[in-house]
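Visitor: Could you show me how to read salt bridges in a structure?
Guide: Gladly; let us look together.

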Amino acid sequence: MEGQQRSRRVILVPSPFQGHINPMLQLGAILYSKGLCITVVHTQYNSADASGHPHLQFISIPDNLSDDEISSPDKTTLVLILNQKCEIPFRECLTQLMQDQATPGEIACVIYDELSYFCEPAAHDLRLPSVIFRTSNVITFLVRGTMLRLRAEGRIPFSDPMSEELTPEHPPLRIKDMPFSYFAPFEVLFEMINNVRNMRRSLAIIYNTMNCIEESSITKLQQKIQIPVFGIGPIHKVVPTSSSSLLEEDANCMQWLDKQTPNSVIYVSLGSMASTNEKEIAEMAWGLANSKQPFLWVVRPGSIQGSECIEALPEGFKEEVEDRGCIVKWAPQKEVLAHKAVGGFLSHCGWNSTIESICEGVPMLCRPCFGDQKVTARYVSHVWKMGLHLENELDRKELEKSVRMLMTDKEGEEIRERAMKLKVEAQLCITEGGSSYRSLKELVEFIKSF
């Protein structure tokens, strides 16, 4: 579409968290490739990096967050605060964009992250169509609906939140797998769930998912709502984009991977938000060391409570593993998972990480922390059967056994075969004629119809 006239503009509004910014910018790159102009409106907090996306326009709006609000571990409350503080600045920004004759392309619609629901009232008042982009999976959305019903019936909070009892409507999920947060009070959590589930007057929903893993969930959702659902994933495979990481990636780990044998390395990363304590880090460290498998371990700044990264690793650990282990503060994850040396992924099961692992056929060790990660971990291990679920308190012996089982045992070979099968199916989804290919085509036509 280079050099061709672009008559329609789409306003994208990501939520200011790593796992939400990346897929929104990937969506922007896809829509740009389909002939649309793209403007990304983002908060000052965790502002998106425009340098790797020269074809997209970036505009910042004030969020007026205090230092205490930013540093709080309770991101659920932060979402509520952001929506209170950003509605007026966004309305003013959108009004200015509509009046700006220098900006090419008439605005077709606003596509906003489900956590940035402050966008919808402004779009509606300015008579612009709005579309929701959900960066988690469909099953989590359905489970949250069940949670709201159970709460209304007085059955939440549960007497035993760690119960193995199957959830109503969504087996094989158990009570303990439901997407609760450990940081937010119940009232705050359910206020946010209510807000993000409320579609208001939005005209469609976009998901970064695919039929090969969520066809039944997509069908159930479509039966419940009267607006289109577009499952267009895996979006990072549709149009390659530059990294939009909020943390600096250490590319040196790729050279270390080049020296390892195929399928030998366990990649370890618990994502951009989870934190743990020194005791759990010690158990993880010695579990990895005792497994005798090579490992690439991301120990993110701030991920260890009361400590800074490498300093918190147990005494004698680095000497024990020597060159068998590579430890970095952040890694180029998509490239790591695609590397031939990587044979397993110890993950928190964030949705982006799970999609990326599926796309490379890398089996998973699931160590979820909170929210939708718990739902995804259960599906990885018991529905898609491409991983093992590490539950309860982390123990070095259990981790050592699980790493060896995944990487070297017959059970691990069977899991790897299923992971490779899903990789092929995911690629077919975005190939011409595939479910995501068709859904994306329908989405573009839908946007251009406004």
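**Reading the salt bridges**

Guide: Asp-125 and Arg-91 join their side chains in a salt bridge, 2.7 Å from N to O. The term means a side-chain nitrogen of Lys or Arg within 4 Å of a carboxyl oxygen of Asp or Glu. This is a predicted model, where local features need pLDDT of at least 70, side-chain atom pairs count only at pLDDT 80 or more, and totals for chains, interfaces and linings use all residues. Residues are numbered from 1 along each chain as its sequence is written, and side-chain values use heavy atoms, with hydrogens and water left out.

Visitor: Which parts does the pair of Asp-125 and Arg-91 tie together?
Guide: Asp-125 sits in helix H4 (residues 119-125) and Arg-91 in helix H3 (residues 75-99), so the bridge ties parts 34 residues apart in sequence. Helices (H or I, at least four residues) and strands (E, at least two) are DSSP runs, numbered from the N terminus.

Visitor: Are Glu-114 and Arg-134 buried or exposed?
Guide: Buried means under 20% relative accessible area, exposed over 50%, and partly exposed in between (1.4 Å probe, protein chains only). Both Glu-114 and Arg-134 are buried. Their side chains form a salt bridge of 2.8 Å, N to O, linking the loop between strand E4 (106-113) and H4 to strand E5 (residues 130-134).

Visitor: What about Lys-410 and Glu-414?
Guide: Their side chains meet in a salt bridge at 2.9 Å, N to O. Both lie in helix H15 (residues 410-430), 4 residues apart, about one turn of the helix. Lys-410 is exposed at 59%, while Glu-414 is partly exposed at 34%.
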